[in-house]
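Work through the exercises below with the sequence and the 3D view side by side. Try each task before reading its solution.

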Amino acid sequence: ITSLRSVDPKWFENTTNLEVLDLSQNYLAKEIEDASFLNFLPNLLDLDLSFNYEPQHYPPYLNLSHTFSKLTKLKYLRLRGYVFKTLDQNAVYYLRNLTNLTELDFGTNFIRNADFNIFRDFPALQIINLSFNRISPSSDGFSGVPFYSSHVPLFGQYKEMHYFIYDQYSRSCSSKDREMSPSLPQGIEPSCTQYGKTLDLSRNNMFFINPSDFQNFAS
């Protein structure tokens with residue numbers, strides 16, 4: 001299914017034992033803000049809501065429904081391609097009590113600003129994927145660069161040249177990657193996780209590194 005704009009909770013009334021749900025590549029940006037269907041999925045372990053952006057929109061924040069807090073068994077949450085500017089405490093507020101959550105995937109969201117301190121509230125978290133964004137660390141713990149730059153194509157052009165190419169590649173490799181290592185997103189080596197939390201910042205605007213931005217990742 002690749003054309004959904006809403007999810008009827010009735011579809012899941014008799015699927016309370018469901019453990020894996022893939023709703024990626026739809027048009028569910030607004031649905032993610034409500035997501036009442038999650039009330040019927042208490043045993044969900046793996047949820048993929050990637051590439052559910054709203055065309056021609058670039059919202060300032062990620063807005064997740066309070067129903068995400070009901071997914072107490074959730075281990076893997078993939079939210080690539082929602083497309084938003086700032087990843088802050090409010091964006092993950094309803095995920096903080098998910099004590100089994102080991103992987104958060106925010107890749108390919110065009111995130112400009114990211115507060116790395118938010119991840120200290122997730123004791124079980126092992127993998128944080130922030131690849132393919134626009135992040136550049138700064139001295140105040142947040143990061144940001146102008147979205148428009150003489151070195152970077154404008155949003156519409158960048159979307160056509162990069163966004164959909166990555167979308168297609170990601171989906172084409174999805175099944176193989178999950179079969180090889182279901183807990184690792186694209187591009188992360190399994191050996192990295194043995195050292196503790198793994199933060200993937202590949203394909204961002206990393207023109208300098210400030211150690212203070214990563215103090216909460218120290219083992």
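**Exercise 1. Contacts along the chain**

Task: Among contacts in the protein chain between residues at least 6 apart in sequence, find what percentage join residues at least 24 apart.

Solution. Step 1: take contact to mean heavy atoms within 4.5 Å. Step 2: keep the contacts between residues at least 6 apart in sequence; of these, 77% join residues at least 24 apart. Step 3: note the basis of the values. The model is predicted, and local features need pLDDT of at least 70, side-chain atom pairs count only at pLDDT 80 or more, while totals for chains, interfaces and linings use all residues. Residues are numbered from 1 along each chain as its sequence is written, and side-chain values use heavy atoms, with hydrogens and water left out.

**Exercise 2. Elements and sheet**

Task: State how many helices and strands the protein chain has, and give the order of the strands in the open sheet.

Solution. Step 1: helices (H or I, at least four residues) and strands (E, at least two) are DSSP runs, numbered from the N terminus. Step 2: the protein chain has two helices and eight strands, and along the sequence they follow the pattern β-α-β-β-β-β-β-β-α-β. Step 3: two strands pair if DSSP finds at least two bridges between them. Six strands form an open sheet with parallel pairing, in the order β1-β2-β3-β5-β7-β8. Step 4: β1 and β8 (198–200) stand at the edges with a single partner strand each, so one side of each has no neighbour in the sheet. Step 5: look at one pair. β1 and β2 are joined in the parallel sense over three bridges, and Val-20 stands opposite Asp-46 in β2.

**Exercise 3. Positive phi**

Task: Ala-35 and Phe-51 are to be compared with the general rule for phi. What is the phi of Ala-35, and what is the phi of Phe-51?

Solution. Step 1: recall that most residues other than glycine have a negative phi. Step 2: Ala-35 is not a glycine, yet has a positive phi of about 50°. Phe-51, also not a glycine, has a positive phi of about 55°. Step 3: locate them. Ala-35 is in the loop between α1 (29–32) and β2 (46–48), and Phe-51 is in the loop between β2 and β3 (76–78). Step 4: apply the burial scale, on which buried means under 20% relative accessible area, exposed over 50% and partly exposed in between (1.4 Å probe, protein chains only). Ala-35 has 2% relative accessibility, so it counts as buried. Phe-51 is buried as well, with a relative accessible area of 2%.

**Exercise 4. Aromatic rings**

Task: Count the aromatic pairs, then classify the pair of Phe-84 and Phe-106.

Solution. Step 1: rings of Phe, Tyr and Trp (its six-membered ring) pair if their centres lie within 6.5 Å; planes under 30 degrees apart count as stacked, over 60 as edge-to-face and the rest as tilted. Step 2: the count comes to four aromatic pairs. Step 3: the rings of Phe-84 and Phe-106 have centres 6.4 Å apart and planes at 85°, so this pair is edge-to-face. Step 4: Phe-84 and Phe-106 are 22 residues apart, and the pair links distant parts of the chain. Both Phe-84 and Phe-106 are buried. Step 5: Tyr-82, Phe-84 and Phe-106 form one aromatic cluster.
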